[in-house]
Amino acid sequence: MLKQIALIILAVSGWILPEVSAAPVQNWMERGNAFYAQGNYDSAVVYYEKIVQTGMSNSAVFYNLGNSYYRQKELGLAILYYEKAQRLAPNDPDIAANLTFAKAHLADRLPETEKGFFDTILWRIHTMLSLATQLWLVFLGLLIMSVLFAVALFASHNGRLWAIYGGSILAALLLVEGVSAGYKIYKAENTTYAVVLSEIVDVVSEPGGTKVLFTVHEGAKFRIRKKLDQWSLVSLPNGVSGWVENASLGII
């Protein structure tokens with residue numbers, strides 16, 4: 001169940017975090033996996049958290065942390081790390097399955113925004129590839145398109161037509177990929193989500209206020225709209241909003 005492939009990824013992670021050598025990170029991963037296999041989940045968490053504290057973002061580490069916290073019945077932290085893992089690997093079936101399983105145990109059944117058939121298809125296409133893969137495809141597509149249009153300048157009549165035709169189709173595909181990648185970048189930079197880590201949280205009408213708008217339980221997911229000192233303005237998928245203390249939230 002634990003993703004051993006993370007060892008390979010972590011071993012070459014020095015280019016991401018030059019100040020952290022690959023050897024101790026790989027050692028922490030191995031020790032965390034060993035403790036997890038023994039059922040010693042609190043010790044496994046210690047080593048996985050040591051990796052996270054280096055600043056590394058790795059879906060396999062987050063996934064393992066989610067599993068460890070779930071085994072310790074800490075539902076909020078389990079969902080938080082499954083969400084972090086899914087953000088990095090949106091198409092991983094193991095992450096999706098465990099996140100769905102964990103959410104089935106939530107005390108709250110918060111409403112989700114329903115998507116129509118075409119919206120669902122478009123969303124699946126949008127999330128099919130990671131942002132990094134899309135950016136590489138856009139780069140390669142621009143390179144190929146440049147070659148095609150350069151060929152069109154010197155080719156014969158038929159060759160010129162085929163080069164222009166192929167370049168035009170490629171340009172249309174690149175536009176779709178570019179819009180999708182741009183949207184992902186925008187969402188990553190401008191949208192923040194959080195998971196409730198406290199057992200019960202009252203959502204109030206203003207920072208420090210006493211008027212309770214509604215109550216949520218551990219594991220609920222909010223979108224953060226604004227922050228003010230120690231408080232965050234959060235909203236549910238249906239748009240209902242209120243203020244929550246930051247100490248009760250874990251940022252995805």
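In this predicted model, the charged end of K84 is placed over the ring of F62, at 5.7 Å from its centre. The ring of F62 also belongs to an aromatic cluster, which it forms with Y69 and Y81.

Y69 belongs to helix α4 (residues 59–71) and Y81 to helix α5 (residues 75–88), so the contact ties together parts of the chain that are 12 residues apart in sequence. Buried means under 20% relative accessible area; Y69, with a relative accessibility of 9%, therefore counts as buried. Y81 has a relative accessibility of 8% and so counts as buried.

The search of the whole structure finds eight aromatic pairs. One of them joins F35 and Y47, whose ring centres lie 5.8 Å apart with planes at 15°, so this pair is stacked. It links distant parts of the chain, with F35 in helix α2 (residues 22–37) and Y47 in helix α3 (residues 41–53), 12 residues apart. Y47 has a relative accessibility of 15% and therefore counts as buried.

A charge over a ring is also found at Y193: K221 lies over the face of Y193, 4.8 Å from the ring centre.

Definitions and conventions: Residues numbered from 1 in each chain as written. Predicted model: local features only at pLDDT ≥ 70, side-chain atom pairs only at ≥ 80, totals over all residues. Heavy atoms only, no water. Phe/Tyr/Trp six-rings, centres within 6.5 Å; stacked < 30°, edge-to-face > 60°. Helix = DSSP H or I, 4+ residues; strand = E, 2+ residues; numbered from the N terminus. Buried < 20%, exposed > 50% of the residue type's maximum accessible area, 1.4 Å probe, protein only. Lys NZ or Arg CZ within 6 Å of the ring centre and 35° of its normal.
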